[in-house]
Amino acid sequence: MKIFSNLILAGSMLILASSAQTVSAQNKAVKMTNPLLQKSALQYQAPSFNLIKDEHFKPAFEYGLAVQDKEILAIANNAAKPTFQNTVLALETSGEDLKRATGMFYNLTSSNTNPILQALQAEYAPIFSAHSDKMYLNSKLYKRFKSIDLNSLKGEDKKLTESYIQEFELAGANLSDADKEKMKKINGELATLSTSFGDKLLTARKNGAVLFDNASDLDGLSASELAAAKLKATEEGHNGKYLIVLQNTTQQPVLQNLTNRASREKIFKSSWTRAEKNDDGDSREVLEQMAKLRLQKAKLMGKKNFAEWKQQDQMAQTPERAMNLLAEIAAPAVAKAKVEAKEIQDLIDAQNGGFKLEPWDWDFYSEQVRKAKYDLDESQVKPYFELTTVLEKGVFFAAKKMYGITFKQRTDLPVYHPDVVAYEVFDNDGKSMAIYYLDFYTRDNKKGGAWMNSLVKQSHYLKQKPVIVNVYNFSKPVDGNPSLISFDNVTTMFHEFGHTLHGLFANQNYASLSGTSVPRDFVEFPSQINEHAALDPEVLKNYALHYKTKEVIPQDLIDKIKKAESFNSGYHVTELLAAATLDMAWHSVENEADFKPTLVFEKEALEKYGLLVNEVPTRYHSPYFAHIFSGGYSAGYYAYTWSKTLDYNVYDWMKANGGLTRENSERFRKYILSVGNSVDLNKAFEELIGHKMEIEPYLRNAGLTDK
């Protein structure tokens, strides 16, 4: 029997060995044939979009997950004494294939998704969440990090180690085994719900598009806007009609020009109610579940609410500091908004309108007020802002003026959609430094808004240079019409390119500390600083060229734009603060019983903080507040206001020292743009301008004070 059992054992071993070899061969074949599992041969590892197919993602995920699992186990079980090299650096460089595959995947699910990718996203959201938990809730791994002597490290090595330890602890590495299991379950459910929320918003946005039978219903729109609406209707099977698609914000750009009040009301209400119609785009149940689960997560971590847990690694550090900033700005902002509302109501009354100002009237009549106060008509300005000219003679020109960098279009690089364009970026010494993509136009399969994404993160250790994309949602022109954009859109282009500069000038050893890998309430700061370049006199006159005559924008129009810069500031700041406060309200609840149905909760929260102003709806209504329920801004939407306060402090310093000069810009690059998260950012900010952040520059520059 003993001999027989040994023979069985030997046979089993042979079978296992054969099976392992087969699996190994299969894995090797997958890696060799899957473009996601290989470093791109293109410059700076720019993605081989022409080779990447939907069917490549699932095997890439499976392979990448398995490989990183082995890497994590090897680090955790290493018998050698923990060191920076065998623990911190080993974890930092693990999961290379998985990072590449997921990076490409989430770029596409945001900008060019389809049912296959959406299904994969839903399938893998909980799997990726579990994988992260497997890493950050691993007691052995955490103990290795904690046993490293931080005093023996310096510079980025020390910062990276501290960053990982904080990430372990924020994830729950100190929890008991039982609580870790609870945390894993919560994280998995949240990942699934977040994906569901995003999918529902895509559906809600598409279903919320408003169909009109006649062009007369859309009086006030330009010929090109009408043509685009007609083409969109035709594409959706409504020949001869006009379809107005929704953007992700509450207010819609067309409301500024539509003369038909009933049409304005129809579009506004469709926007406001898009995700609360008891259909497949209704997100309320999902977001309510998420809010409760986030509270449960915070309680597991010993915190009173989710905001307290979330803000530990932010510049604000506590919800109280964040809310105090919002509250200080809210009172003057609402007061200014009420003054603006009275001016609009007076105009409506003077025209014998016979109605009370409503949200769908604001943009239409405020535009008239602006014309009356500043003699500034958006239709006069728009012909000077042709998209490509703004990009190349505005955004790029400003970058050269401020930092000395230049751009060359690359038509040889593959792109993920025909609308995408690519450029190579060169530093001030003429050396090539990055690849940069732009995706300008809205699509049904694209997430709303505008953003920057790093397709390849800068890292000296990995010998990687940045590969970056900016994504927008501008209306695509039809019938050979020029792509004319509003000055708000111009500002958006400069803003998003500010994020790109943050990525371009990254100068870190480690990708985890590189470029925009900074706290949420700091990441918007560089982009907001770059917005000021849009109105720099030298820059503006270089790009504001009439699309037909090529004449430079007249000085009187420039003067009007500048005078009107703080026009409607009460409205704009109030809608932003309302959204930020709403976010904090959802994530400051301390007892699950205090949650109420979405619409009731939102109304009571805005009333509590004095931000329920009928004429000024919140920038994002809870049911379509993607930033906080499917993005990374939960308990962090205040970051835009915090960063704007940093921005105005630095802008005042720049103005006092000569403006957006090369010298000031290089100083900004040195202290802010190039440091990533490798230094104490509060200290870096103070070193730049010589003092801590103050609120007065915000109030003054935003036009909320008479000083």
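In which helix is the place of Arg-284? Arg-284 lies in helix H11, which spans residues 284–300, where helices (H or I, at least four residues) and strands (E, at least two) are DSSP runs numbered from the N terminus. The structure is a predicted model, in which local features need pLDDT of at least 70 and side-chain atom pairs count only at pLDDT 80 or more, while totals for chains, interfaces and linings use all residues. Residues are numbered from 1 along each chain as its sequence is written, and side-chain values use heavy atoms, with hydrogens and water left out.

With a relative accessible area of 19%, Arg-284 counts as buried, a term that means under 20% relative accessible area, as against exposed for over 50% and partly exposed in between (1.4 Å probe, protein chains only). The side chain of Arg-284 is joined to that of Asp-282 by a polar contact of 2.7 Å; such a contact is a pair of N or O atoms within 3.5 Å, of which, within protein, one must be able to donate a hydrogen and the other to accept it, and residues adjacent in sequence count only if both atoms are side-chain atoms. When its neighbours within four places in sequence are left aside, Arg-284 is in contact (heavy atoms within 4.5 Å) with Ala-275, Glu-276, Lys-277 and Asn-278, and also with Thr-598, Leu-599 and Pro-623.

The sheet may be followed from strand to strand. It is an open sheet of 5 strands in the order E3-E4-E5-E7-E6, with mixed pairing, and two strands are taken to pair if DSSP finds at least two bridges between them. Strand E3 (406–409) and strand E6 (451–456) stand at the edges with a single partner strand each, so one side of each has no neighbour in the sheet. On average, and with direction ignored, neighbouring strands of this sheet are turned by 30 degrees against each other.

E4 is mostly covered, since 5 of its 6 residues are buried.

Helix H16 (residues 387–403) lies across E3, strand E4 (421–426), strand E5 (432–441) and E7, running at about 150 degrees to E5; axes here are lines fitted to C-alpha atoms, for helices over the stretch in contact, and angles run from 0 to 180 degrees between N-to-C directions. H16 is also among the elements that cover the buried residues of helix H18, together with helix H17 (487–504), helix H24 (639–656), helix H25 (662–673) and helix H26 (681–689). H18 itself (residues 520–531) is mostly covered, with 11 of its 12 residues buried, including Phe-522, Val-523, Phe-525 and Ile-529.

Two residues other than glycine have a positive phi and can be set side by side. Lys-463, in the loop between E6 and E7, has a phi of about 55 degrees and counts as exposed at 74% relative accessibility. Asn-568, in the loop between helix H20 (555–563) and helix H21 (569–586), has a phi near 65 degrees and is buried, with a relative accessible area of 6%.

Angles under 35 degrees count as roughly parallel, over 145 as roughly antiparallel, 65 to 115 as roughly perpendicular and the rest as oblique. The crossing of H10 and H14 is right-handed; a crossing is left-handed if the near helix is turned anticlockwise from the far one by less than a right angle, and right-handed if clockwise. For helix H3 (residues 84–92) and helix H6 (residues 139–146), the axes come within 9 Å and cross at roughly 120 degrees, which makes H3 oblique to H6. H3 passes H6 in a left-handed crossing, with the contact made by Asn-86, Thr-87, Val-88 and Leu-91 of H3 and by Leu-141, Arg-144 and Phe-145 of H6.
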